[in-house]
Amino acid sequence: MQQLCLATSPIPDKVFAPPSFPRQIGAMPLVAPSILGANFAHLAEEIASAEAAGVSFYHLDIMDGHFVPNISFGPGVVKTIDGLTDRFLDCHLMLSEPEK
């Protein structure tokens, strides 16, 4: 996974981090690999590799082609990713009608 998202905001670590994660907010930047940087033909292996490297959570950019010009993936892929990992999924919704 090549794209990275740095999250340094004070988010409670109990939401997405394993118990061994430092509890000092702001002491360490949190790095969330973007699923868009994964090889979708080998998604399970990419996720397993990221978790072996110590990933605490993933960043999912969900784009509909209307709110932004790009299209990424929808609920079916998110459900598949959720089934491949127990890590927190940080979803960035770029949708014209997210309620649909």
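User: Why is Glu46 called partly exposed?

Analyst: Glu46 has a relative accessible area of 23%. Buried means under 20%, exposed over 50%, and partly exposed in between, with a 1.4 Å probe and protein chains only. The value of 23% lies in between, so Glu46 counts as partly exposed. Glu46 is found in helix H1; helices (H or I, at least four residues) and strands (E, at least two) are DSSP runs, numbered from the N terminus. Between the C-alpha atoms of Glu46 and Ile35 the distance is 9.0 Å, and the two are eleven residues apart in sequence.

User: On what basis are such values given?

Analyst: This is a predicted model, in which local features need pLDDT of at least 70 and side-chain atom pairs count only at pLDDT 80 or more, while totals for chains, interfaces and linings use all residues. Residues are numbered from 1 along each chain as its sequence is written, and side-chain values use heavy atoms, with hydrogens and water left out.

User: What makes the contact between Glu51 and Arg87 a salt bridge?

Analyst: A salt bridge requires a side-chain nitrogen of Lys or Arg within 4 Å of a carboxyl oxygen of Asp or Glu. For Glu51 and Arg87 the N to O distance is 3.6 Å, so the pair meets the definition. The pair links distant parts of the chain, as Glu51 belongs to helix H1 (residues 43-52) and Arg87 to the loop between H2 and E4, 36 residues apart.

User: How many salt bridges does the whole structure have?

Analyst: A search finds two. In the other entry, Asp86 and Arg87 have their closest N and O atoms 3.0 Å apart. Asp86 counts as exposed, with 66% relative accessibility, whereas Arg87 is partly exposed at 25%. Through shared partners, the salt bridges join Glu51, Asp86 and Arg87 into one network.

User: Why is strand E3 described as largely enclosed by the rest of the structure?

Analyst: Seven of the seven residues of E3 (residues 57-63) are buried, so the strand is largely enclosed. Phe57, His59, Asp61 and Met63 point one way, and Tyr58, Leu60 and Ile62 point the other way. In a regular strand, side chains alternate between the two faces of the sheet.

User: Why is the aromatic pair of Phe40 and Phe73 called tilted?

Analyst: The structure holds one aromatic pair. Its rings, those of Phe40 and Phe73, have centres 5.9 Å apart and planes at 50°. Rings of Phe, Tyr and Trp (its six-membered ring) pair if their centres lie within 6.5 Å, and planes under 30 degrees apart count as stacked, over 60 as edge-to-face and the rest as tilted. The angle of 50° falls among the rest, so the pair is tilted.

User: Are Phe40 and Phe73 buried or partly exposed?

Analyst: Phe40 is partly exposed at 38%, whereas Phe73 counts as buried at 9%.
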